[in-house]
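Here are some exercises to work through with the structure open beside you. Try each task on your own before reading its solution.

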There are 2 protein chains.
Amino acid sequence: MSEPEKSENIPDASAGKEVPNGGNSAKSKEDFDLAAVYVSDAMYNRNIYFDTSPQAIRLYLLYNHWALKVLLYVFILVNLGLAIFEEPAVFPLPTWATMLLELLCVFVFTFRIVHYAKVIPRDKFWKDPKNICIIVILLLTLVDMIIYGALRAANCSIIRWSRVLRPLLLVNVTEGRQLRRAFRSIRNALPQIFNVFLLFMFSLLMFSLMALKLLGKRNLKTIEGLPYFNNYLEIVFDLYVLVTTANSPDVMMPAYNSHSMFTLFFIVYILINTYIFMSVFLAVVYNNYKKYLKEEVRQLVRAKRHKMARAFAVLQEQKEDGGQPMVTQANWNQLVRQVRPDISNGHRELLWHVCDDKNHGFIGKGAFVQLADLLNIEVITLKSRPHPLQSLFPKIYQSAPSRLLCRMVQHRAFVIAFDLIILVNAVFIGLDEENPLISNSEWVFLTLYVLEILLKLYVFEPKAFFSRYSFWNCLSTPQIISTRFDTLIVVTALIATIINSALKSLVRYTSRQILDIVFILRVLRLLRVVDGFKRFRAIINTLIRIGPAILTFGQLIIVVFYIFAMVGMELFKHKVKFYEDSNDPAKAYCGNPLLNNTAFAQLNYCKNNFNNVVSSFILLVELTVVNQWHVLSSGFATVTHVSARIFFVIFHILVVIIIVNIFVAFVLEAFFVEYSMDKNDLQTSLEKKIKELELAVAQEKLEDNLVNAMETMDNDLGTGQTSTTANLPNLMFKIASKRYRTVDALLQRMFEEDLDPEDFRETDEPEAQTGSFPNPAFGSA
Amino acid sequence: MSEPEKSENIPDASAGKEVPNGGNSAKSKEDFDLAAVYVSDAMYNRNIYFDTSPQAIRLYLLYNHWALKVLLYVFILVNLGLAIFEEPAVFPLPTWATMLLELLCVFVFTFRIVHYAKVIPRDKFWKDPKNICIIVILLLTLVDMIIYGALRAANCSIIRWSRVLRPLLLVNVTEGRQLRRAFRSIRNALPQIFNVFLLFMFSLLMFSLMALKLLGKRNLKTIEGLPYFNNYLEIVFDLYVLVTTANSPDVMMPAYNSHSMFTLFFIVYILINTYIFMSVFLAVVYNNYKKYLKEEVRQLVRAKRHKMARAFAVLQEQKEDGGQPMVTQANWNQLVRQVRPDISNGHRELLWHVCDDKNHGFIGKGAFVQLADLLNIEVITLKSRPHPLQSLFPKIYQSAPSRLLCRMVQHRAFVIAFDLIILVNAVFIGLDEENPLISNSEWVFLTLYVLEILLKLYVFEPKAFFSRYSFWNCLSTPQIISTRFDTLIVVTALIATIINSALKSLVRYTSRQILDIVFILRVLRLLRVVDGFKRFRAIINTLIRIGPAILTFGQLIIVVFYIFAMVGMELFKHKVKFYEDSNDPAKAYCGNPLLNNTAFAQLNYCKNNFNNVVSSFILLVELTVVNQWHVLSSGFATVTHVSARIFFVIFHILVVIIIVNIFVAFVLEAFFVEYSMDKNDLQTSLEKKIKELELAVAQEKLEDNLVNAMETMDNDLGTGQTSTTANLPNLMFKIASKRYRTVDALLQRMFEEDLDPEDFRETDEPEAQTGSFPNPAFGSA
């Protein structure tokens, strides 16, 4: 890679004090701490060069503590959210209040960076551009605050320019790895995109010249009665807009009305510039994105192996017969317990069996190194636990009617029946609720849903229903989510309907807002119906899988939007006004006489303005969707200067041509991977081991529809219908197939086939390597 | 593959009379005819099962004659073009005239299909769906014409419904292979697309329900003052349009004006449906397209090998010592001469050397089979020929000033200088030509261009400049094209300017049309400047390379557009009228009072109508570009019935979601291939041979910029500056790298890496194979 990346070295084992010299000395707590840190760094692909002294490790563990991270992100959000309260504000706060809040944020960020500086060696700290970046941002913010405060006190008008820098903190904090990667991937694609862009611009300029020659002297008029295509720069802008198709038939109508042959010019233009060039942009972005990401993933994998080798070096022991160094099961167990205290003993034992395939009681480096990946494979542990009702009232629960009920609820028809009820409910929701029959049917449906939940609670083990995974854990299957989601919705709907009815009898008309939300939630129940079809599940699974990556893109979009919103607010604030009162005559021209009779005012776009951060963001979303962006940009150009269009064109190039294309490329790639990939080797070996140990859950049932199977499972194991399942072990495992704990794991999977085998090969001599791996950094501020 | 494809067998060699039984008998003319037919079928991937009797082969050769093919396409064009003259017509012709023309077309098509029936065995003929399809179309057309004629005579109004069938002829003629493949690829992707579409529709319906609940009862008004989002079907349509972004901010403005929070609904909707679902559509289309095409190409390659093996079987001779059968150089030479009479002796010799690597004087089957691919590699033959002026006036041409002039013209600066002149000219074109200085500068530039051409003619061998390739041969490098193009433009501009000046002195104002074209052509000269940059050449080369494939998509689009235009004309003709006279009051509502105050009329879209085939096509292009399609469809729904929107939605799904995505997929794939591929093995071995024989043109010079090199070359070889080049052979070769004679060759190249090696492996026992390969057919009418 060509970028000046900050490389950080894992501390040389020889520099650490705890390198065992073949001795079989018992490992100290510090050793386990260090090894656990290495393993969890490898698991989460953290590339931080930390001191290996015990107190530095304790500081480092603190640094990685989730609470501190959450705190950091909360303060980043607060810092970004200040824009809501600052002039131009959605909810104005006095200047001293926002300044105080910002000072607090700056303080927290400073504390965090000082903490980071304590964790890693000083020279490494100062070599990392992202640290410098944060420090510079914090200093600039302070300087700007002082200037602003002073000038404000002197009643001068001044721009808070440092607000543009705020989102860069999101990029440069240690945890913003994904985001930095996205930015790097964009930066690397830029030269190629630029080449295509130049060619595209050439084509645009040439077509504009042709248009000027062809149409300029014909005295044609646009629909507004203005001269048509007689100014070169206007033509360039119009044709650029045509590339986005935003002014599609309108721009050619005057020419078309004059003679049909002129449409040929526009058709050729659209074919070349809109279809071919835009596809080429996608191709270039896609190709570069893929190429670069592959390289990144390769380095991640190398770094991961390297860290695992370090952990091994810490825990290794020399066998008496002088063979290869190895790690004993006891040490391994303690390490895993420390790294992931949440996994069950059975699960840990299973993992050990995968590593120690031949039951030696110890493992070598090769088997040890794959621990990080093993821990990242989500294994569902199914415990056979009797239903609490069975323990309490075994007689009743085992009675014939109870068993019949259980069998009924477990039956496919039960699910189908409730799917149908949901569908009917959806139709009823669509109908007019003023009709008393319909509004009363509401109660019938709610009763049915409550009945469904109660029945399921009766039949299935409640813990499996609620507690195993956290509610919103996106690693659960969509079915589990939707089942729980169902429950939540039903309960919410129940409460809301009761409150609503209670209030209705008291007041004449209640707040619609709460009810709206409940209505929407109820409609979402339909998701479960769709998910029941096998043909749709692959698509839905892929969509769920790319969810976390979409969050990265969301951050990227927020960073870019925030910067544009800040600049846009300084440039265009209060130029266009929105009047709530529809009788105000100024409403017709958005409070700015310059907009009289423009398309902007006629289309009633007054609320699309830069008067506060929320409306700025909404406007930027509209610009991203592209349509009518020329009307919006022309509107703002009218109230300021024609060069204001440059702001909008730059936004279009950056967001629509580059970022949206990268997003499309990511979705494409994720789907291609979905279409082409199987489980990877490690998953296969884990699965083989599960089967070998006869701990496998009946495969064919679980393959695709986990929730159905789990429900059946839970029943088989839990309701005491033990005729066929008595000889099953009381602990079963199932790989939550094809899902990934982290975005990195998904990426690794995506590019696994293209990686060099040697990236995966165990390095025999970690010390012999350069020992360096890049710590992604975002160098440009 | 799952589709019921028509398989055709290459006639079994055992069935033919001319299979040699190891005899060394001299090959008859019939043998060579048969072998040549096999080879050229392999070269052009024709999969026609023809009789092998000598007169059937003669008929077959006639059937493949270019003149007959051109004639066929001319009549297909005439048949399609009839729509221009038929009611509703652009240029009305009497009914009897169009009927007579159509009858003539039907006659020609019948003749062609009868000819085809003579060439192939009867049972094969009737098994091929595309023949049945043609016959059914022709019969239906006749029936329709008779009914129409009769009812027309009886003055009844009647629909010419068989016009919808016309474009299907384009698909079903033997030559429409590419087009059939495109249709098959679409058909195969349909089930998967349908799944995603169902999911998308579910999402659309669900969001519509939410929108109804959320916004329906708020008494909001659209900008036209109509109730907003209170009718479920209207919401579905509006949100469907939002997916295409055509009504992007407008549809949410009433909700946004009421409360900012409602935009959240629209943003989530756009994210899921516009961005994610549309990307998923692209992914599905792309994936299926690629998968299917790969399978097709695999079969093409197999069929090609098989045909070559047949040709070998015809020409093979047994050596005395009982070794493998082989083909002698003499027979091979005669075969190649017969297949491609246009290639030079030197080139043929080169190919032989590639095949007969060890100089045996004969080749086995393995070497023979690759002939078809070898002949498809474009080799540029550079003959060292002295400049005619050198032969005529050697003294003057070799004199010092002449040599200086030659060296000057050959210099890079000469090219750069003229590039600059073109740029300056472009600026002048952009300036106001009313200015006398500017309009006179025209003459200066023309003089300079003429001077450039004369100088080049003086320095370079004229034949290299003009005659080697046909003018528009797209296999030439872009540079050669642009150089020749330059010449053409300059000559045209010269003539046009002279005519214009002559006329100007006679009449006050001349016809602008001719001048416009010349102006446009002059602007195109700038292409040469861009092409001079290396960084752009890869992109331009790829764009040129996908040109032929775009033609296939063009045919596809024409077929689909034609059908929609025919249906649209029957549904909507004369509902909307365009008034040339701007004073007509009916112009404000396009001649249809129903359109009063609609967006359609207000935006002056009156000329976007289905009143004749040309405006229908233009309207369909506008619908393909998508923007404002809701205004257009609502306009036509207003003048007919709300269900007319179905027509437009179907068009959108079919053209924008499927065909445009396939087009994008093709462009993407072509670029990925460009980024990743090198020359294939055969090209490499050919190039190695060229180098081995010391016939190579200096590689480094030619690598990327062929025209510069050729110019230098031609000079080196032709101007008699023989100091360094005297010992060069007088014949040189260069592979026109990475370009392909046929679309099939490009496709083969695109999927070469993914093909099984065994598809390329020489089959030792062609008779042992099933011997069948599919003849692409378009089964559905």
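## Exercise 1: two domains of one chain

The centres of domain 1 of chain A and domain 3 of chain A, taken over C-alpha atoms, are 28 Å apart. Before going on, note that this is a predicted model, in which local features need pLDDT of at least 70, side-chain atom pairs count only at pLDDT 80 or more, and totals for chains, interfaces and linings use all residues. Residues are numbered from 1 along each chain as its sequence is written, while chains are lettered from A and ligands numbered from 1 in the order in which they are written.

**Task.** Describe the contact between domain 1 of chain A and domain 3 of chain A.

**Solution.** 
- Step 1: Find the bounds. Chain A is divided into domain 1 (49–173), domain 2 (392–532) and domain 3 (547–676); such bounds come from an automatic or database domain assignment.
- Step 2: Count the residues. Domain 1 of chain A brings 13 residues to the contact and domain 3 of chain A brings 15 residues, where two residues are in contact if their C-beta atoms, placed from the backbone, lie within 7 Å.
- Step 3: Look for the main contributor. On the side of domain 1 of chain A that touches domain 3 of chain A, helix H7 (residues 166–172) gives the most, with 4 residues. Helices are DSSP runs (H or I, at least four residues), and strands are too (E, at least two), numbered from the N terminus.
- Step 4: Sort by class. That side of domain 1 of chain A has 11 nonpolar, no polar and 2 charged residues. Ala, Val, Leu, Ile, Met, Phe, Trp, Tyr, Cys and Pro count as nonpolar, Asp, Glu, Lys and Arg as charged, and the others, Gly among them, as polar.

## Exercise 2: two chains

**Task.** Work out how chain B is placed against chain A and which residues meet.

**Solution.** 
- Step 1: Count the contacts. 67 residues of chain A are in contact with 66 residues of chain B.
- Step 2: Find the leading element. Helix H11 (residues 262–315) of chain B gives the most to the side that touches chain A, with 12 residues.
- Step 3: Sort by class. The side of chain B that touches chain A holds 46 nonpolar, 14 polar and 6 charged residues.
- Step 4: Compare the surfaces. 100% of the interface residues of chain B are also interface residues in chain A, so the copies meet through the same surface.

Notes: Least-squares fit on C-alpha atoms with pLDDT ≥ 70 in both.
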